[in-house]
Amino acid sequence: MGTFFGIEIGRRGISTQQLSLETTGHNIANANTDGYSRQRVILTTTSPYSYPGMGAGQQGTGVKAQEIRRIREQFLDYQYRNEVKALGRWQIRQDILEKLEAIFNEPTDEGLSQLMNRFFDAWQNVARYPDSEGARSALRQEGMALADAFRHLTDQINDLKADIGSSIEAKIDEINSLARQIRDLNSQIVKAEAGNMAANDLRDRRDLLLDQLAEIVPVQVEEDRFGAVTIVVRDHTLLTGQKINSLSTNANGEVTWPDGENYRPGHQPYGVLEGLLEAVREDNSNPGLIQSYQQRLDILARAIVDKVNALHQEGVGLDNSTGVSFFDELNSEDGAGSVKVNDELLGIDGLGKIAAATKKDAPGDGSNALSIAQLRHELAVKINDQPTATFGDFYNALVAELGVQGQEAERMVDNQTVLVGEIDNRRLSVSGVNLDEEMVNMIRFQQAYNASARLISAIDEMLEVLISRTGLVGR
């Protein structure tokens with residue numbers, strides 16, 4: 001090695017310490033950037049030099065930057081994505097249950113429970129004053145209010161289903177958009193790392209997109225030897241290489257893959273999309289969240305209409321009319337959404353057709369009205385052709401179950417939020433930027449840079465003596 005090689009050692013020291021300082025500055029600048037992983041320059045010695053026959057052995061030649069390493073733990077990424085998918089499902093379930101609770105609006109004076117009580121109270125009043133037009137008018141109004149409530153509840157539930165349908169389409173667009181962005185990052189990462197350069201920032205952006213995707217659908221992520229990732233969702237590949245199997249919706253509102261197969265949530269739904277699909281699933285053997293409440297609302301409405309109509313048709317009105325229904329027959333498709341008071345009772349002479357009596361020409365007879373009023377105490381609601389509950393008990397059970405499911409969803413959201421937060425904190429403890437640590441590193445690299453520069457200055461002074469003063473002694 002020549003005399004001038006000391007300058008090269010100093011130059012290498014300056015270069016590597018400067019790179020370390022710049023990397024530290026990059027960390028500090030991105031301390032609050034979502035998804036950023038701190039980076040560290042891995043320093044290693046350059047190849048040593050061996051003098052032939054030199055007993056001292058090899059002489060060091062300086063330092064070099066081996067790589068700029070991204071500090072990240074893949075196992076924690078896996079844990080985070082595994083738990084955030086459950087959080088996404090429970091969050092959407094909690095949101096839908098809260099909306100259902102707002103729709104049923106119980107317990108309040110405007111809820112369906114109070115309207116049913118007032119309806120049968122009105123029949124009780126007609127039984128007490130069968131020839132009173134005021135009592136009959138009040139009954140008709142309560143019947144109309146009850147019918148309006150059933151229709152309004154059904155309309156609101158249908159609006160909620162339509163809103164969820166729009167949310168599903170929005171989530172599908174988001175999934176496809178994330179897949180395209182990840183595909184583009186795959187291409188950039190492969191090109192960058194093919195030139196033996198670490199694409200750290202690109203990988204951070206891709207991991208952030210994968211975290212966002214994992215909250216929407218359950219994903220399995222595999223990275224190949226070139227640095228590109230393949231994404232599998234349930235039983236289909238969403239992204240492989242440059243090919244994306246985009247999701248879409250068909251004419252029936254079902255989510256489908258490009259091969260025509262429907263998207264199939266697992267036995268245990270995960271992610272926001274599957275939470276939405278679970279809510280609007282239409283399967284009589286395993287109804288979705290909304291369908292289950294709509295079905296029970298239809299059962300209740302049909303039971304009230306059938307029971308009241310059966311007795312009303314047997315009764316006799318003030319005008320001696322008989323065989324008149326109090327409610328119109330329900331439409332099998334609309335269910336509770338088609339409850340309506342019979343038009344015959346809404347006309348000018350409609351009050352006289354309310355069948356409060358059991359005998360003709362008996363204006364003071366309210367026995368039939370009493371029988372209808374007492375329906376509230378009978379096991380009138382049938383499940384599988386078996387009478388199971390009164391109107392009030394059946395509806396109260398529906399409301400109670402809604403409340404229990406809402407509490408369960410709230411509890412699960414709280415639990416998953418804590419769990420996801422703990423895992424994310426562990427990730428941040430590994431890959432997050434600690435400003436105190438970076439400040440210490442900055443001072444350390446600065447001192448090393450200054451020392452390398454001082455080395456060059458010292459060697460320069462030595463060379464000055466060697467070149468300018470050697471051989472001049474004694475002259």
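What volume does the largest pocket have? The views below are taken from a predicted model, in which local features need pLDDT of at least 70 and side-chain atom pairs count only at pLDDT 80 or more, while totals for chains, interfaces and linings use all residues. Residues are numbered from 1 along each chain as its sequence is written, and side-chain values use heavy atoms, with hydrogens and water left out.

**View A. The largest pocket has a volume of about 720 Å³.** A pocket is here an open set of points on a 1 Å grid over the protein atoms alone, where a 1.4 Å probe fits and where protein lies on both sides within 12 Å along at least five of seven lines; its lining residues have an atom within 4 Å of a point. The volume is the space filled by probe spheres set on the points, which are joined across faces, edges and corners. Of the 22 lining residues, Leu-277, Glu-278, Val-280, Arg-281 and Glu-282 are the closest to the centre of this pocket. Helix α6 contributes the largest share of the lining, 4 residues; helices and strands are DSSP runs numbered from the N terminus (helices H or I, at least four residues; strands E, at least two).

**View B. The second largest pocket has a volume of about 500 Å³.** This pocket is lined by 23 residues, and those nearest its centre are Tyr-78, Arg-81, Gln-220, Val-221 and Glu-222. Two or more lining residues come from each of α2 (74-104), α5 (200-216), β5 (219-223) and β6 (229-233), and α2 gives the most, with 6 residues. By class, the lining divides into 9 nonpolar, 3 polar and 11 charged residues, where Ala, Val, Leu, Ile, Met, Phe, Trp, Tyr, Cys and Pro count as nonpolar, Asp, Glu, Lys and Arg as charged, and the others, Gly among them, as polar.

**View C. A salt bridge joins Arg-427 and Asp-211.** Side chains of opposite charge can pair when their charged atoms come close. A salt bridge is defined as a side-chain nitrogen of Lys or Arg within 4 Å of a carboxyl oxygen of Asp or Glu, and in this pair the closest N and O atoms are 3.1 Å apart. The pair links distant parts of the chain, with Arg-427 in helix α9 (residues 391-431) and Asp-211 in helix α5, 216 residues apart. Arg-427 is buried, at 9% relative accessible area, and Asp-211 is also buried, at 9%; buried means under 20% relative accessible area, exposed over 50%, and partly exposed in between (1.4 Å probe, protein chains only). Both residues belong to a network of salt bridges that also includes Arg-70, Arg-72 and Asp-77.

**View D. A salt bridge joins Lys-99 and Asp-163.** Here the closest N and O atoms are 3.5 Å apart, and the pair connects helix α2, which holds Lys-99, to helix α4, which holds Asp-163, across 64 residues of the chain. Lys-99 is partly exposed at 32% relative accessibility, and Asp-163 is partly exposed at 36%.

**View E. The backbone shows a cis peptide bond between Glu-106 and Pro-107.** The omega angle of this bond is about -5 degrees, and Pro-107 is found in the loop between α2 and α3 (112-128).
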